[in-house]
Each structure stands twice: as structure tokens, then as C-alpha cells.
Amino acid sequence: MKELLQAVYKRKSMRKYSEAKLSQEELTSVTGYLQQLKPLVPEIKVEYDVVSCSETNCKFNAEYCLIVYSEEANLWLANVGYMLEQWDLYLATLNIGVCWYGMGKVEQTEKNGLKYAIMLAFGKCNEDDFRTSNDEVKRKDIADIWKGIEDVKLAEIVRIAPSAVNSQPWKVEQEGNTLKVYREKGKTPLLSNVLFKHWNKVDIGIFLCFLDVALESEGYTFERTLHTDTDSKKSVLTATYTINKL
């Protein structure tokens, strides 16, 4: 996924869109790319609907909304976050903006036995609508998210991953060539506990997408072991990586 690296620095959560419309060719391209997304958990079934934004409760002036449905299984929401962040980054390369719309509501909460997971608004933007500097990003310090760091560039890339209400619910512990990635649970006055819990699990998948982009871009090979998700602990071990520099 290293081809998405430049989009990591460019993307931002878009809440305003241009008046320009996607051509049929562009719409076909971006929806077709959904079939190329790399899953975090290949066994989990995922389906999509693309509808006019006006058909949803989305308050932005985006042209379309992507509605995501998924099989419920271990790490199903992390899988959704991992896959759709690839799509988010890809659209940024085309000057198409995206916003993960956490307050999205749909009439059809199930499709072909799959459960509604998330909604993403998208539409055309201008080049200067996107981020041009990391100084525009408000994120935790590297030391707050990565313990035992040996490659600062990796952490610099992953620290700008987006998350619900900028909660950044992740920690990495490194010992030599082993990385342990944790999902940090918490609360926010901006979202209900139920909604925040849902987003928290999507966010860790987004973070793993950024981590994989960073590792590939910086010349690492890696093996990833996923763990059983649980709500019984404040800090949940989500993935263990064994990394090696080429």
C-alpha cells in the first residue's frame, strides 16, 4: 500500500465540497476501487451502497454517501476502518474529498445478512482544499503513542491517522523488531458511549492501515498477528507485528 503514502500527508476530513460534480467515469473509477481494497480480515464479508447525499441524514454538501455493510465477526469494525481508509486515501489522490460520517443513520440497517457499519460522505474538492502541511494536523506527541521507538519516521507517518473526534485511541509498544498495537478505550463528552465504542473499533483499523502504509513505504517487511477483540480491558491488544528492514 506504499503507493498511498503521499495521500497520507494530503488527506483531511472534508466538510465542504465544491460545486463540481463527479463525472460518470470518475464515479465508476472510485466505486470500482472498492473491489481492490485489501482486507484486514479476509474472511469477513463486506458490501457497499452508493447513494446521493441528499438521500441520507448527512449535513454536508457532499455529492454522494458510501454506506458500508459488514458481517459481524471478530474485528469486523477494525476491518471496515482498515479497508475504507485505503479508499479515503485513494480518493484524495483524485482531489475527491471524504468524511467519515459517524452520525450517519440509514433506513436499511441490514443488507444480505450484513449489518450497517458506517457511512462516508464524498465529493469533488479543489486541490487547495486538501492539507498542504503537517502543521495543520493536531495530534498527540509521538512519545504519547509509541513506546520504545526505533524508527521515528514510522511514528511520524502513523501519528497523523484520523479518528473520531480526534480521540487517537491507539498505543504502540516496540521491543526490537516486535510491535504491539493496542486499542485504548475511553470516553468523550461529544459522543454517546455506545457510538464512541463503535467508532473506537473502526479507528484502530484506520490506524493499522496507516501503519501498513508506513512500514511498506519505509522498506519493511512484516508479519501481522491479530488478536481477539474484547471490551473487558481498558487497553486491548489488537495486533502484533514482527518487522524486518529490507
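**Close-up views of a predicted model**

**View 1. Gln168 and its surroundings.** The side chain of Gln168 comes within reach of the backbone oxygen of Asn166, at 3.1 Å. This is a predicted model: local features need pLDDT of at least 70, side-chain atom pairs count only at pLDDT 80 or more, and totals for chains, interfaces and linings use all residues. Residues are numbered from 1 along each chain as its sequence is written, and side-chain values use heavy atoms, with hydrogens and water left out. Gln168 sits in the loop between helix 5 (152-158) and strand 7 (170-175); helices (H or I, at least four residues) and strands (E, at least two) are DSSP runs, numbered from the N terminus. Gln168 is buried, at 5% relative accessible area; buried means under 20%, exposed over 50%, partly exposed in between (1.4 Å probe, protein chains only). Leaving out residues up to four places away in sequence, Gln168 touches Lys138, Arg139, Lys140 and Ser163 (contact: heavy atoms within 4.5 Å).

**View 2. Strand 3 and its partner.** Strand 3 (residues 96-100) is largely enclosed by the rest of the structure, because five of its five residues are buried. Ile96, Val98 and Trp100 point one way; Gly97 and Cys99 point the other. Strand 3 runs antiparallel to strand 5 (residues 114-124), joined by five bridges; strands pair if DSSP finds at least two bridges between them. Val98 has Phe122 as its bridge partner in strand 5.

**View 3. Trp87 in the core.** Leu84, Trp87 and Phe122 have the most contacts inside the largest nonpolar core, a set of 86 residues. Such a core joins buried Ala, Val, Leu, Ile, Met, Phe, Trp, Tyr and Cys residues through side-chain atoms within 4.5 Å. Beyond neighbours within four places in sequence, Trp87 contacts several residues, including Val30, Tyr33, Val98 and Phe122.

Terms used. A polar contact is a pair of N or O atoms within 3.5 Å; within protein, one must be able to donate a hydrogen and the other to accept it, and residues adjacent in sequence count only if both atoms are side-chain atoms.
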